[in-house]
Amino acid sequence: MAFGEVVHYVTQPTDWPEPVRGIASLLSPFHCPDRPSNEHLASASSLTLPEPLVSSEAPASGSYTAKDFQVLIHSTAAGLSALAELPHYGGERSTVPLWSQLLHALANTLSPDVLILEDAPFIMPRAQNVASQPSNLIDGHATLLAAHAILSMHRTHSDRSTTSSRDSDSEDKDESMYSAGSDLCDGSVDSFDLPLQAHMLPGRGRRISAVVPVLLVTDSRNIVPLLCSALYQRHVWGIRQPVVGLCCSSTGTIATAIFGWLDSDQSEEGRMPTVHLALAADIRLGPSMGVFNFTDTRSAISLAQFVLGLRTHFEDIKGAISIEAVDSLTPLHWRSDAPDFETQFGGQLDERVASWTHQVHVQTSSSEGSSSSSPRTPSLTLDTAVVSYETMSSPLLRTIVEDEQVDGADIRLPEETRATNVKGRGRGSQPSSLKNSLKRTSASPQLLSEVRTSTSSRAPSPYPNSRLTTLSDSCLKDGVTISNWLFERHAFTVGRIPVRSEELANKTGINAMIKIYDQMTAFTWSDDIKTILSNAEVDSSVSTMRSELCERNGDPNCQSSTIDAPSSEDVEFISCRISALLHAVKGARRCDDVAKLHGANEADRRHEWDALLLNFFQPVLGQRDVLLERQLNLVRNLVVDDPSFATRAIDVAGEYTMLCLEQHLCVRRTAEISGSWKQTAAARDQANQFSDDIEGRDTKGKFAEVIADHSSKDPITGQCDAILVIPCSGVANAMLRRISNIDEQEKLQKSFMLVQGPKPEKLDASMEEASYQIEKTVGHSQKTTPGKSLQVPSSSRVSESIKPDRAQLHNLFLYHPDGNQATQKKETTPSQDTSCDEPIGQDLLLPVLLAEYKKRDESAISTAMNQMKTYLVSAVTFLSEFGITDQPVFGLVVNGALGAITMAWKRNNRIYVMERNVRHYDIRDPLQALQFVSILPRLARHGLGLRRLLEKQLATIDVNQLQSKPWSKLAQRQGDEAAKRTESEQAIAQDRR
């Protein structure tokens, strides 16, 4: 028991330990503290929910019951049940977007100023044995935290001018606090003068708030340390109320309530107070014992009652918070990142400071070739071992059973660069492979030289896709850039601008594709839509937002009279799920408040976007083919395989210049000062730069050398945040059956299929045993978000000619083609394909839409756009292997609450990525969210059309041809390595003669 916790397993409702008996009484199906006269909640034990509320008014704050969320509860249960029936396609499907949306909606009612944090890191508690505390524990991750935020006092101008002369005693004892709902102004709030032990969320620098979680939700790997950290933080604040946690796997549907409290006495000097945890002893005990199943409506209603019943508990926590307690209580050094220096180090502290000072001197005196960044402050313990808390985790939560078990642990270790610094500091050490080579060939000095030469000339490691897409784009200069990556795959970016030249239109297909794009994104508000949505069943908790949607759009300025509405079938489909849409809008709005107070993270609004995709993309009713966090094979470098391309490169660049010029001229005659004109002008200038760069490279005569260098660094795979697919059952098996060798079958499947399973995680040997025990007990783990790669600026010189306005090309949210975001074209509705083939493990997955999410940060938009380009180019190349061309694949580029729809297609061996003058949507606005989800049923029909095209092509597919030269970069890399091995073996054989 790494954190010294004591676990109490409970079998009867009357057996809960005394410290948590009061809070555990909320589990009773008859407990309804907010509406004692309302008997409808007895329906929690029945199969059906009460009739929906007919009032359009949302209940008053603090008076919500499960009845006010009945539609969301039903849709969550149905959605998770449907997911459970679908194949995994290489990795378990995440259930978090669906059940977290329900918990988020429920937790929002706990208090007007409740703070909801998703995918939030938290500080790990110290181990029970302080002396063995590792210095580099990884932060834990909470799936969802419903918290109270304590903000420092407001200051007036005069307050700020006299801060330095303020008496410290009066500042400490009577500091004002206010809640997260208050307005914040830059510089108008004092920093909190609190010890680190009062905070359990990571942060550095000026602190204007402290966050005290009230409801804590995470998976079985994080739940024990999360509850311990919360209890220790509460101790610092003088809060004695128990802590409430819910344990639910990121791929599961069972939530287990866990209650925790601390012993009243701190047993002995240097030891932490004992943590007590109480939970149900058996998963079969059901909701009355705190075991909830999201897929069961009755159980989900009980969960809703329980969470809604925490309102009084939330207010009790707020009332118990006391800065005076923080100042007066005996310090409790509970944080793993801020140990008790006196106890742990004693007289060694001066030694360690002196050692660090020496390191700073050495690093700052290094050569100019070294990094210019400041040296990092080392760990206070100078312990270089990176240790995950799983090495100290307790295997005692054996009763928390979560759906299915997986083989091996899924632990996200630190970034590779950190691990490298830890495991090997000596740059001069030789790799083991080189040492073995030297031993085998030591008899011949000449051969030794050749081995060294071969080793030194070995192809560099490929860049991760996340690194390529953050590199500075210097057009087609010799360095690695996204423009070079696209050019070497015959791919080009274009705008949503029709061209007048019939020759260009036929050659590129751009005018036809713009029509498809407009049909796919068509939407016009109408009275018929208003009537259908007004009559739809909706949760009373979002009824006010439904009124906002329906009433605002009676304004004729919000629509175009020349545009037709989506099909009535699509509107009916959306109306049945309108509550899920409105809850996503509400959640996205609350994220703004969180970002202002606590900053945005990479999960900012991700669950809202995922929930919309899962709820509204259903090619076959109930079949939600949305895969999250999947690896994609990226396309090979085509130019490196084509020596003759060097003679055609100038012409290819010239053709693209003509296309960009034509698009610019088409816009200029109609709207010279429009945003589209600025974008097309920037694209024209960039295309001219492309031509200049290619001519310069041709003049230098090193075209092949540059391309070979690029190809050696091209990324092999990329991780897509979400991909909408159409499964083609049996197609992959039919193809593989034509290959007799099983090894060749597996090789083809890995190198040919676009969508791969999640990337497997590797564990250190010291972690395997403890991690295995945890996996054996609870079965699932949480996936963390890797850190963003460093941006490497280009070293190429900037051209002296006209420079493209890159700001116009690196932000697709600058302009909206419709202005009011409510004008599109008429849709033609293909017939609905109602066939539902039974999917199998070897299904071939056709890409329909790929999504890349970034937090709300303008600097991240270009990275997301670059990543999307690599995904789309690879996806359309994959389709072309089956003879499917002139068919678009769509992209969703997300920046916080904004999402833009892009598109790519292949025609005449050229790929075009349409990313300028495209439509984007803000899901904080219910109208724009409605416009966005109206696209998804049409995408589903488009995907079914792709499947029909594939079925027609099956008879003509030559598996031997696919096998001889697969389209992916992985296959190209494998071929290059095999060729180098053969060349090396031949050279060695020649020398031995």
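Helix H25, which covers residues 675-700, has 26 residues and reaches 38 Å from its first C-alpha to its last, close to the 38 Å expected at 1.5 Å a residue; the expected span is 1.5 Å times one less than the number of residues. Helices here are DSSP runs of H or I with at least four residues, numbered from the N terminus. After H25 comes Gly701, whose phi is positive, near 70°.

This is a predicted model, in which local features need pLDDT of at least 70 and side-chain atom pairs count only at pLDDT 80 or more, while totals for chains, interfaces and linings use all residues. Residues are numbered from 1 along each chain as its sequence is written, and side-chain values use heavy atoms, with hydrogens and water left out.

The average pLDDT of the protein is 74, and 65% of the residues score at least 70, where pLDDT is the predictor's confidence in each residue, from 0 to 100. Over residues 341-347 the pLDDT is below 50, and this stretch has 11 contacts in the model beyond near neighbours in sequence, a contact being heavy atoms within 4.5 Å. Residues 559-563 also have a pLDDT below 50, with 13 contacts beyond near neighbours in sequence.

Helix H3 (residues 96-107) packs with helix H7 (residues 297-308) at an angle of about 35°, their axes 9 Å apart; axes are lines fitted to C-alpha atoms, for helices over the stretch in contact, and angles run from 0 to 180 degrees between N-to-C directions. On the H3 side the contact is made by Leu103, Leu106 and Ala107, and on the H7 side by Leu303, Ala304, Val307 and Leu308. By class, this contact has 7 nonpolar, no polar and no charged residues, where Ala, Val, Leu, Ile, Met, Phe, Trp, Tyr, Cys and Pro count as nonpolar, Asp, Glu, Lys and Arg as charged, and the others, Gly among them, as polar.

H3 also meets helix H23 (residues 606-616), and the two axes come within 8 Å and cross at roughly 115°. Among the residues in contact are Ser100 and His104 of H3 and Asp610 and Leu614 of H23. The residues of this contact divide into 5 nonpolar, 5 polar and 2 charged.

Elsewhere, the axes of helix H20 (residues 543-552) and helix H32 (residues 926-953) come within 9 Å and cross at roughly 85°. H20 and H32 are therefore roughly perpendicular to each other, a term for angles of 65 to 115 degrees, with those under 35 counting as roughly parallel, over 145 as roughly antiparallel and the rest as oblique. Met545, Glu548, Leu549 and Arg552 in H20 meet Pro926, Leu927 and Leu930 in H32, giving 5 nonpolar, no polar and 2 charged residues by class.

Technical notes
Helices (H or I, at least four residues) and strands (E, at least two) are DSSP runs, numbered from the N terminus.
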